[in-house]
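These are my notebook entries on one structure, shown below.

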Amino acid sequence: MRRMKWMLWAAPLALAALLLLMRPAAAPPTQEAEPPPAGSDTAREESRWKSAAVQTDMALTAKLCAASCDKALQQALADMRQGDQDAVRRMMKRHPHMRFVASHSGETGTLAPELQSLWRTHYKQAQLAMQQGKPYRSELMELNGRHYMIVGAREAPDSGSKDGHDDGLVALVRPDIVTEVERHQRRNLRLVPYPEEGRYRTESITPGTMHDMTVDNGEANGNASHYYDNEVVVRFREDPEPSELKRIQREIGAHSVRKLGYTFVFRSHAMDTKALVDYFDRKWQPHYVEPHYLYMTNDSAGGGDSAADAGAGASVVPNDTLYSDYQWNLPKIETEQGWAVGKGSDDVVVAVLDTGVQIDHPDLQDRLVAGINIVDKSAPPDDDVGHGTHVTGIIAATVNNHEGVAGLSWYNRVMPVKVLDGSGAGTTYSVAEGIIWATDHGAKIINMSLGNYASAQFLHDAIRYAYDHDVVLIAASGNDNTERPGYPAAYPEVFAVAATDPHDNRASFSNYGDYIDVAAPGLSIASTYPGDQYAALSGTSMASPHVAALAALIRSHNPELDNEAVMELMRASAIDLGAPGRDSYFGFGQIDVAGALGFSAQGALATSGADRVGPLERLLAQLRRLIGG
């Protein structure tokens with residue numbers, strides 16, 4: 001069986017056993033009571049939890065923006081000291097959220113009349129702070145529906161500049177990214193109906209039924225699936241002949257017909273989905289006919305896997321400017337200790353099926369391989385939402401480059417596969433095609449921070465194709481605080497990920513159930529964002545790429561492990577949270593990067609008090625073969 005119960009994992013080798021005993025023990029987790037039954041009071045409480053998460057993400061995003069602005073201002077000051085008279089204008093062009101910049105020597109930009117009073121007050125405060133050798137950051141302020149803050153910076157102490165307030169720059173910043181994060185997260189955490197009714201038809205999630213329901217609030221998303229109203233997906237028992245296909249097109253008033261593998265997608269301008277399903281069931285008795293479901297976001301020098309720069313038991317702390325203050329998530333899962341064992345490899349590529357990526361983001365541009373835009377194949381896989389860029393950064397933002405954030409992997413590259421459109425939604429066809437394309441183009445891991453509550457056979461066919469080609473498939477469980485299985489996460493070939501907070505509790509929005517494999521950090525995760533920016537987002541969408549990156553590190557360290565062995569290793573090395581043993585909230589526990597990499601290297605995995613069965617035997621055999629045991 002794929003999902004076996006791991007009673008205990010221990011080390012038959014003495015050294016591995018010692019390493020196990022020396023690993024830091026996790027703090028006793030707070031055991032969470034089972035969520036109460038759905039109801040209006042519960043819905044209101046859940047809405048409060050989610051709204052609080054959104055506010056936390058907005059506040060942290062503002063801090064990330066301010067920190068990035070501070071660094072940019074310091075760089076401009078250094079360039080000016082070298083005689084670059086255009087440094088401020090060039091900085092403002094790269095960072096358009098800096099609307100107005102001033103110092104004692106001049107001003108750049110335009111200051112709107114309604115901002116004059118706010119500016120004068122904070123400019124004086126910034127000058128006073130800089131006279132005392134301190135940077136200045138105002139609180140986030142709102143005026144006429146927009147957010148503003150003031151950031152003041154001096155040159156670094158070792159820059160060689162003279163003392164005095166003339167050495168500083170003060171900027172009026174309009175961080176529109178904060179508003180974008182609010183809008184994004186209200187959809188991502190399902191605080192509002194998503195997608196909007198009218199653009200897509202919203203139906204009950206019960207597979208095989210077509211019962212209409214109206215989604216008029218975010219809570220109802222947890223009981224709904226979404227699909228294109230005039231499309232169906234059909235897999236015939238035998239493909240129709242050309243003459244039969246023409247007859248079908250004529251009878252249904254077909255607007256278009258597409259084929260992927262053995263499956264057809266029909267779009268009609270004359271019949272709705274119910275009528276199309278009835279037509280194909282009656283006249284063609286296909287293998288299956290189903291709505292064309294939509295999947296939505298569930299919101300990251302060398303090239304080798306080497307740890308020559310760190311000894312056994314050491315940790316690696318990167319110099320990325322936002323890492324120490326804002327990336328709680330990576331130390332939480334023992335990433336710094338894990339980097340002493342392995343940092344990934346260029347040879348192992350992670351495909352991110354999402355909204356695309358900002359290809360020229362300074363923290364990502366060297367970490368990507370060629371991808372595809374499934375939504376519009378004439379265009380590159382650019383990110384017009386922000387979700388995909390954030391997910392990509394969690395996996396692969398350049399590490400140790402004195403820039404922004406650190407990804408979980410140093411060397412693994414990401415293949416951007418845009419399967420979701422500008423609304424953050426995509427069809428069964430686009431997701432299935434993306435899976436097949438990524439598999440055929442060499443992806444070893446596929447991350448899917450997206451989902452729907454309908455089990456589509458068409459999508460499952462694509463999942464099986466990738467699984468049979470030795471791809472590790474990782475998916476987010478969903479953000480509706482429901483036990484209802486979400487797909488693709490609940491397919492047996494897919495590794496399902498729940499979300500945790502900084503205190504090792506289940507994130508309040510995280511879906512749960514017996515299909516959950518592991519948990520990973522998913523609350524206020526700092527990562528890359530379009531516009532050369534950084535943002536904090538929450539969701540199982542953010543938890544999933546942590547696991548995808550870990551799978552990439554494992555496959556880099558032990559390339560001979562097959563996909564099932566990689567998944568078993570991540571389950572077995574997880575730190576147990578919640579009720580003892582596997583549970584519906586955390587699965588086998590929270591991922592442990594150091595544990596997974598350390599024990600994959602030692603090949604030390606065993607059970608106690610339980611018979612070994614298929615996957616474990618295969619994993620042990622592979623690990624022993626690799627170490628010559």
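**Entry 1: the parallel sheet**

I looked up the strand order and found an open sheet of 7 strands, paired in parallel and ordered β13-β14-β12-β16-β18-β19-β20. The edges are taken by β13 (372–373) and β20 (518–521); each has a single partner strand, so one side of each has no neighbour in the sheet. For these assignments, helices (H or I, at least four residues) and strands (E, at least two) are DSSP runs numbered from the N terminus, and two strands pair if DSSP finds at least two bridges between them.

I record that this is a predicted model, in which local features need pLDDT of at least 70 and side-chain atom pairs count only at pLDDT 80 or more, while totals for chains, interfaces and linings use all residues. Residues are numbered from 1 along each chain as its sequence is written, and side-chain values use heavy atoms, with hydrogens and water left out.

Within the sheet, I examined β18 (residues 472–476) and β19 (residues 494–500), which run parallel and are joined by 4 bridges. L473 has V494 of β19 as its bridge partner.

I then asked which strands helix α12 (residues 428–440) lies across. They are β12 (349–354), β13, β14 (413–418) and β16 (445–448), and the helix runs at about 150° to β14. The angle is taken between N-to-C directions on a scale from 0 to 180 degrees, with axes as lines fitted to C-alpha atoms, for helices over the stretch in contact; contact means heavy atoms within 4.5 Å.

**Entry 2: the annotated positions**

I consulted the UniProt record, an unreviewed entry, which lists D354, H387 and S541 under "active site". These three positions spread over 188 residues of sequence yet cluster in space, the largest C-alpha distance being 10.0 Å. UniProt positions are given in the numbering used here, feature names are shortened, and annotations may be inferred rather than shown by experiment.

I located D354 in strand β12 and H387 in helix α11 (residues 387–396). Are they buried or exposed? D354 is buried, at a relative accessible area of 0%, and H387 is likewise buried at 0%. Buried means under 20% relative accessible area, exposed over 50%, and partly exposed in between (1.4 Å probe, protein chains only).

**Entry 3: the cysteines**

How many disulfides does the structure hold? I found 0, a disulfide being a pair of cysteine sulfur atoms within 2.5 Å. For C65, the closest cysteine sulfur is in C69 at 4.1 Å, which is too far for a bond. C65 is buried at 4% relative accessibility, and C69 is buried at 0%.

**Entry 4: P240**

I placed P240 in the loop between β8 (224–235) and α6 (242–252). P240 is buried, with a relative accessible area of 11%. Beyond its neighbours within four places in sequence, P240 contacts L245, I248 and F264. I also noted W284, 44 residues from P240 along the chain, with 9.4 Å between their C-alpha atoms.

**Entry 5: the hairpin**

I checked strand β21 (residues 525–529) and found 5 of its 5 residues buried, so the strand is largely enclosed by the rest of the structure. β21 pairs with strand β22 (residues 533–537) in the antiparallel sense over 5 bridges. T528 has Y534 of β22 as its bridge partner. The hairpin of β21 and β22 has 3 residues between the strands, and G531 in the hairpin takes a positive phi near 85°.
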